[in-house]
Amino acid sequence: MIRVRTQDYIMTSAKTTQKSSVEPKIIGREKRMVDAMVLIYCKAHHGYGGSPCVQCSDHGVYAKNRLENCRYQEKKPVCGRCGLTCYNSENKGYAEEVLTYAGPRMMFEHPLLGLQHFLDAFRNNDQLRK
């Protein structure tokens, strides 16, 4: 399959789809949340020197890629309340470990981001009722 990427379109030999150039706010907040949580976890477990280690960095890139490809986009619930399994088995265990450790510490390290995430947990839950 031939794949050509342009600024606004992703073209494949099977079909052409238009990609949205504006990222929903909740996706941006979730990406910042992932970055912050990975840094908290890496600092405590791997002793990073200003940037996360290779394993943590790879997980952050994978998680942000999954957020960009979320089927809900602007109507997205927070990942912890979503019924879909986006992560593969290799990354799921690591993600649970990172989120379990860093989640409670977010309110101390990044209070505004933690509060926004807490409020987002009560929004966009219409997908959970289906």
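**View 1. α1, α2 (54-68), α3, α4 (106-109) and α5 each supply at least two residues to the lining of the largest pocket.** The model is predicted: local features need pLDDT of at least 70, side-chain atom pairs count only at pLDDT 80 or more, and totals for chains, interfaces and linings use all residues. Residues are numbered from 1 along each chain as its sequence is written, and side-chain values use heavy atoms, without hydrogens or water. Helices are DSSP runs (H or I, at least four residues), numbered from the N terminus. The largest pocket holds about 720 Å³ of space. Its lining comprises 31 residues. Val78, Cys79, Gly80, Tyr87 and Leu99 lie nearest the pocket centre. By class, the pocket lining has 19 nonpolar, six polar and six charged residues. (Pocket: an open set of points on a 1 Å grid where a 1.4 Å probe fits, with protein on both sides within 12 Å along at least five of seven lines; lining residues have an atom within 4 Å of a point. Volume is the space filled by probe spheres set on the points. Ala, Val, Leu, Ile, Met, Phe, Trp, Tyr, Cys and Pro count as nonpolar, Asp, Glu, Lys and Arg as charged, the others as polar.)

**View 2. One cavity of 30 Å³ or more turns up in a search of the whole structure.** A cavity is a set of grid points from which the probe cannot get out. The largest cavity has a volume of about 40 Å³. Arg29, Glu30, Met33, Leu113, Gln116, His117 and Asp120 form its lining. α1 (25-46) and α5 (111-120) each contribute at least two of the lining residues. α5 gives the most, with four residues. The cavity lining divides into two nonpolar, two polar and three charged residues.

**View 3. α1 packs against α5 at an angle of about 130 degrees, with the axes 10 Å apart.** That angle makes α1 oblique to α5. (Axes are lines fitted to C-alpha atoms over the stretch in contact; angles run from 0 to 180 degrees between N-to-C directions. Under 35 degrees is roughly parallel, over 145 roughly antiparallel, 65 to 115 roughly perpendicular, the rest oblique.) The crossing of α1 past α5 is left-handed, with the near helix turned anticlockwise from the far one by less than a right angle. From α1, Ile26, Arg29, Glu30, Arg32, Met33 and Ala36 meet Leu113, Gly114, Gln116, His117 and Asp120 of α5. Contact means heavy atoms within 4.5 Å. Four nonpolar, three polar and four charged residues make up this contact.

**View 4. α1 meets α3 (residues 89-102) at about 90 degrees, with axes 9 Å apart.** α1 is therefore roughly perpendicular to α3. On the α1 side, the contact uses Met37, Val38, Ile40, Tyr41, Ala44, His45 and His46. α3 brings Tyr94, Glu97, Val98, Leu99, Tyr101 and Ala102. The contact of α1 with α3 has ten nonpolar, two polar and one charged residues.

**View 5. α2 and α3 pack at about 105 degrees, with their axes 11 Å apart.** This angle makes α2 roughly perpendicular to α3. Gln55, Cys56, His59 and Tyr62 of α2 touch Asn91, Tyr94 and Ala95 of α3. By class, the contact holds four nonpolar, three polar and no charged residues.
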